[in-house]
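Subject: Structure handover

Hi,

Here is the structure I promised to pass on to you.

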Amino acid sequence: MISIAVVDDERTARRMTARILRQAGYLVETFASGNSFLEKMSVDPFDIVFLDLRLPDKNGFDILTHIKATHRDTEVIIVTANCSIDNAVEATKEGAFHYLAKPCRSHDLRLMADRASEKIRLHRENVHLKSQIGESAIIPGFIGNSRAMKAIFETIAKVAQVNCNVLLEAETGTGKQLTARAIHELGGNSKAPFVYFNCGGFAEDLICSELFGHEKGAFTGAVSRKIGLLESAAGGTVLLDEIGEMPLSMQVKLLHVLQERRILRVGGTRPVDLNIRIIAATNKDLKELVRQGKFREDLYYRLNVVTIRLPRLKERKEDIPLLIYHFIAKANKAFSKQVRGVTSQTLHLLLNYSFPGNVRELENIIQHAVALTEAGKLTPEDLPPRLRELHTPAEWTDKELLSLAEVEKRYITRVLVKTGYNIKAAGHILKMPRTTLWRKMKKYGLKKGATISR
Ligand SMILES: Nc1ncnc2c1ncn2[C@@H]1O[C@H](COP(=O)(O)OP(=O)(O)OP(=O)(O)O)[C@@H](O)[C@H]1O
Ligand SMILES: [Mg+2]
């Protein structure tokens, strides 16, 4: 819960401010003097301070400087009489969050507290995510903190130590290429080459000459000897992407290479020994292709000494906040922006989206949003319409008829998201006592913790 200090020597103003903020769901303490406030602040710091610039015992500016020096993350809102607004503006340059002119309207007080607490929430979340990213990445930029990804990382670390072939079977955008990279990098020979080859869309002849190379004069146009990709990866790793697309005739040759661990350049007579690790990747179900006669069974078993199946993003939503943070940082760097995070509504939309394009789609969405946003935090308006439309009322009026319970659940969710899970505010809008709201939230599993863990 966010704690607020109200520091003002005017009794009525102090009491009124405290009452309004308490009603908005904050934990509020009041102080009539600068010294009494500073004393408490030093033992039990507040998250937000509403500070009157003119106090009898201390200059408000000194208090502000002191707070910013000792508790950088505490947000200070200057409250002052109209005649000294210039001072208040000056104070924002010294690090105050904002200012309000007296007498303050309750709406403005609430708004200011909500904005400051959203900033604090984001900051805490970012600090938390940053430390998690540091802990979770198996190689720089390959992130995951979910159970599923931790298990994958363990497998990667184990496989890396053994020079065996690996098959990566997963949907598009789930991180197959990153996985191959991680296996290579952690394999102890990361200085050796990592070679990528996409088997899709090439005729057999071309694949042959690309993978195996050719001798001078092997065919018309072979004016000099060419070293193939497999040979050029000596000591390292070859990633054969879209292995399911490899023509059957080519599959026989690859099988041969895997068995013999040597290749013959096209037109060559002397075999060349190979010391490489082959990682094959596919977004198809290879076993099914085997059943259909489109993929050789013997090659399938050669390749899948170890199979790693990466989970879809929607099956590991816990990773979404971490990935969002990572991609924002990446995009900030690329576009020289300073986006600090996402609002609660934006996070909610992202957590409830199905991501058919998996992590790559999330990365694109964030990149696009960071490039174009003018806000400090990404708002739902920065997201593509397909995400925003998920939560418009049309979803449950036009397409299908729902049960009353389902409508209630969805509507309560919308109000909670809109109010940033402020129970008091949500209860007010819904005209529902807090205890009833709690009960319904429990019934429908609408805890805020379900959207972000901290
Ligand atoms: N766990 C992750 N952490 C950080 N970035 C990720 C993660 N997974 C995927 N990405 C990013 O998403 C994008 C897609 O990842 P990658 O190319 O590895 O997927 P893929 O499974 O090979 O997809 P495809 O089948 O479409 O080729 C890349 O930009 C990658 O950096
Ligand atoms: Mg790929």
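One definition before the notes: Ala, Val, Leu, Ile, Met, Phe, Trp, Tyr, Cys and Pro are counted as nonpolar, Asp, Glu, Lys and Arg as charged, and the others, with Gly among them, as polar. On that basis, the shell around ligand 1 is made up of nine polar, six nonpolar and three charged residues. Please keep in mind that this is a predicted model.

Let me stay with the ligand for a moment. Ligand 1 has 18 residues around it, and the closest are Thr 172, Gly 175, Lys 176, Gln 177 and Val 359. Helix 7 (176-186), helix 13 (319-335) and helix 15 (358-372) are the elements that each supply two or more residues to this shell.

As for the overall layout, the chain is split into domain 1 (3-132), domain 2 (147-310), domain 3 (317-382) and domain 4 (392-454). Between the C-alpha centres of domain 1 and domain 4 there are 31 Å. Their contact involves eight residues from domain 1 and seven residues from domain 4. On the domain 1 side, helix 5 (residues 106-136) provides the largest share, with five residues. By class, that side of domain 1 has four charged, three polar and one nonpolar residue.

One residue I looked at individually is Asn 283, which sits in the loop between strand 13 (277-282) and helix 11 (286-291). Setting aside neighbours within four places in sequence, Asn 283 is in contact with Ala 170, Glu 171 and Thr 172. Ala 170 is 113 residues from Asn 283 in sequence, yet their C-alpha atoms are 5.0 Å apart in space.

Finally, a word on confidence. The chain has a mean pLDDT of 89, with 95% of its residues at 70 or more. Confidence is highest in strand 1 (residues 3-7), at a mean of 97, and lowest in helix 17 (residues 394-397), at 47. Residues 449-454 have pLDDT below 50, and this stretch has eleven contacts in the model beyond near neighbours in sequence.

Best wishes

Definitions and conventions
Residues are numbered from 1 along each chain as its sequence is written. Chains are lettered from A and ligands numbered from 1 in the order in which they are written. This is a predicted model: local features need pLDDT of at least 70, side-chain atom pairs count only at pLDDT 80 or more; totals for chains, interfaces and linings use all residues. Helices (H or I, at least four residues) and strands (E, at least two) are DSSP runs, numbered from the N terminus. Two residues are in contact if their C-beta atoms, placed from the backbone, lie within 7 Å. pLDDT is the predictor's confidence in each residue, from 0 to 100. Domain bounds come from an automatic or database domain assignment. A residue is near a molecule or strand if its C-beta atom, placed from the backbone, lies within 6 Å of it.
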